[in-house]
Amino acid sequence: MATLDGHGRKSAMDKSLRNTLRNVVTQCRRLLEEAVAELLEGQFGIYTTGKIESVDRMKHLSADDLEYREQLLIHLQHIQAAGFKTKDAVEQLVREVAFTHLNRFCAYKMMETRGLIRKAVSDGLKSQGFLFYLADNSAEETLYTEGKQDVAYRHFLEWLGSTLSEEIGVLFSPHDPANRLLPPQRIIDSVLNFINSEELKDIWVEDETIGWVYQYFTPKELRDKARKESQAPRNSYELAFRNQFYTPSYVVQFLTDNTLGRIWYEMRQGETALIENCKYLVRRPHEVFLALGKEVPVQEEQADDLSQEELLKQPVYILHRPKKDPREIKIIDPACGSGHFLLYCFSLLLIIYEEAYDDPDLSAVLQQYYPDREEYRKAVPGLILAHNLHGIDIDIRATQIAALALWLRAQRAYQEMGIKKNRPKITKSNIVCAEPMPGEKELLDEFVAELQPTVLGQLVQVVFEKMKLAGEAGLLLIIEEKIKNIVGEAKQQWQAGFKPKQLSILPEYERQNSEQLNIFNITDITNEDFWNQAEILVIKALHDYANRPIGNHRLLRQLFVDDIVQGFAFIDICQKRFDVVLMNPPFGLPSEEIKNKLEPSFLAEAIPKNLAWAFVELGKHLSIKEGMVGAIVDRTIFQKVSYEGFRKNIVFQVDFQNFLDLGIGVLDDANVFASCFTFGNRSSNQPALLADLRQLKSDEKMDAALLLNSFIINGYLNENYYYRYLNELTIIPFYSFAYWLDKHTIQSTFNAKKFEDSGIQIRVGLQCNDVFRFLRLIWEVPPSEIGKLKNWINLYNGGRYSLFWIQNLQLVNWQNSGFEIKNKIIEKGESPSRYVRSESLYFLSCIAGGERGEYFDVHCLPQNMIFSNESRAFFIENKADIIPLLGYLNTLFAQNLVNAFCGQHKGSEYLKNLPLPSFIQDNFYKLTTLTISAIKLKMKASSFDEVSLEFNSIFQTSNLATQEKSLFIIHKSICNYFEISDNALIQIINSLRKIIEESVGTRVLNKFEYSGWNETPPPID
């Protein structure tokens, strides 16, 4: 199925085509990396093992090649200064050069397709642009006619890159080692054959193509390997590629339409073309735009008696949002990747700028700067990149891609305006790589020594130190706060002046106070204006320093200064605040480096737990008071107990407006349950719109998101959409985001006693680490050795999904009360109680369920069994309550309550907070009778399974012919039994549901119906 791109058009990038592109990128990467590594080793004596040949062994190199080799070694030295070992630095260089070449080839292909350059790569050595280049350069034409076509083509590619370096400097930098490290022509030809393949001919016009190239450059196998070896990223490179998932276009549009689109929609009070262009912009049926100074009318109560559809039709009051000059509307993606969000923002900003030029409140200033409309329109693409769009990423490759993609988008804008020649140059963008300041200490000392006044150099040194984690933490570093504090300390010291210290009798025991510690040398500061221009002075000094030509050290100095300028660009963005923050941030645990070394900040709770939480909180911090945030994240932060702080301090405190619960299959091949949402930075008592799309197929999710506004604007909700006040959810344990439970259900259920307050113990059991030594299947052990006082005991170790009853086929060696298991634990220097848990409860009857699963199913366990750490066992003081509780926990109602605050893992700390509604006791007899009937049905079915302990022999004769004749009759009768009993079990489950519906007084979710037996008889051949 074709998808919508970032401009509402049909995109050619369906899954099949993306898979083709993935294979092409993987093969191109392998070819280029192998070729670059061979060049470094064979020509320049730089080995991937880290070995560097002496220059004395480089007699075969020309003077130019020797100089270039020296430049390569300087690049390696620069990489090593950031903390890489020589071997790792070489691998990094190979990877970066290969990626840059692939990016450049793809960039040329996309420029050709858009008519921005003559053909450079589509026909290889016969490309039109190359032939024109030869015609204009006689020396190159001579090389070509003498059989050195490959040399001439290399020169052509170098020349072409140099013409683009001014506008796309991050990809075509004149200092990039890739400029001279081109692979042999046969490798270039192979790569171009892949890029020019017939299967990919339609993708190069798509803006998103370059983003997919970025994602696929790191193979899935490498991500899987890294995750297998370490739960948390081990460095910035891993952090970047482990979270390298391209955001689907419909998610980009939904989040952008409901942040940037909504802001402009509210500024214009609905009078905007964005209503037609923003297909995902959610608008309530009766939105009332308040005048300046007017407050939202106070409501006496929260309309308790209204249904959700009736609530949807109530007025929604929107606070006055002052209009802004479009140049002042700032957007940032703090983990921008390939720039997908920014690309779509560009499209909306074109409309915003167009409308602003004629807006009665904005036109005067804009028309003063641009009296001619056509000149204004020509300026807009450059204004958007210079003023509006900002992106940060820790991966330099991502910033290459994002800068290229935005430049290409600007060129397309010029084409759509009919501007074919003399297009304005795009020389400024705000796409920045978060990198540490360069690590060459000698150059830093040299640079700092020249800075005047002295305190300027001292401030730079402190900033360098604080920026060490920028490459891993990015904006999470909160560097602007650290700089503010540093400058504040220095300024405070200057303002206080030098205070003479009183002589002490015992100076060695005297504690110095902060006023007496003169950390900074501020003796030569005479004017307070210095503190307002310190950063400008640093940048000026950097440029002066960079332009000094001193032999071979000039390149190293240039790299050093380029990194510093990049670092200050990062700091500059950190100091800004934004109207819109959009992101698909990294999720999961941070690297150990971030966790252990990042200084405390307001993100101190979030960072160690989940980066997604930290980035959302960062987005709130980066946005202005009236700003908006949109993000797609791992949905566990809305669910797990450990992320309670996220929900309590963010979700329920902000103006949370829209939520799509997307489920799995959204972020390409990532095994992640995702959700996306938008919120305003100011608190609000308005209802939120929520959509549960988890059970839909991947292509259906997009359609459901697109239909959302059509339903809402007309005042309708379907079974997947919810419209409610979020404060209704706050009585659910852990502030869990169980938005699908209606208000009455929440109040009648969660006001009941919890399991832990009702005498119900939930326990974890035996953790048996040596499975092959201590565990067996039941048919592997003689029956005479199985039993409570014998060697082997029945073990409940979780299992497949099975309501009410399950076969238990595992045994554990529990001879002499587990002597061998405990002794092995002691031999490892650990306490048995850490692994042999809840031992006093072994052999007691209980109910239990598996530790992990999408839905929690429980079964009755008889006496004389042991339960494992892979299970959750429930022990009830009154044994008569076991059966009705078993029935209750196997209802869809209870399963959804569990899932309100549990993910895949059903932890006992979650389950003990389950409510124990009074209707269990009120319907004791009904629940008991129905549950016993269900158990009997399941056990009867098991009697037909020959591996089950309940199995009964079906053959009473030894005559083979009679057995074979009987087999078909027996099989048919078994199938008939399953059909009849399956219907009976469905009736039981529906009866349990009816009890709950009558007791709670609400409709129970019916999306996840019972789907039949897990144990079915095998077919007969």
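1. A starting point for the sheet below: two strands pair if DSSP finds at least two bridges between them, and strands (E, at least two residues) and helices (H or I, at least four) are DSSP runs, numbered from the N terminus. With that in hand, Leu777 stands opposite Gln810 in S17. S15 pairs with strand S17 (residues 810-813) over three bridges, in the antiparallel sense.

2. A word on the source: this is a predicted model, in which local features need pLDDT of at least 70 and side-chain atom pairs count only at pLDDT 80 or more, while totals for chains, interfaces and linings use all residues. Residues are numbered from 1 along each chain as its sequence is written, and side-chain values use heavy atoms, leaving out hydrogens and water.

3. Now the whole sheet. It is open, with four strands in the order S15-S17-S16-S20 and mixed pairing. Strand S15 (775-777) and strand S20 (865-867) are at the edges with a single partner strand each, so one side of each has no neighbour in the sheet.

4. Next, helix H2 (residues 63-80). Its 18 residues reach 26 Å from first C-alpha to last, close to the 26 Å expected at 1.5 Å a residue (the expected span is 1.5 Å times one less than the number of residues). Buried residues in H2 include Tyr68, Leu72, His75 and Ile79 (buried means under 20% relative accessible area, with a 1.4 Å probe and protein chains only).

5. Finally, a helix pair: the axes of H11 (residues 249-267) and H14 (residues 340-358) come within 9 Å and cross at roughly 35° (axes are lines fitted to C-alpha atoms over the stretch in contact, and angles run from 0 to 180 degrees between N-to-C directions).

Methods. Buried < 20%, exposed > 50% of the residue type's maximum accessible area, 1.4 Å probe, protein only.
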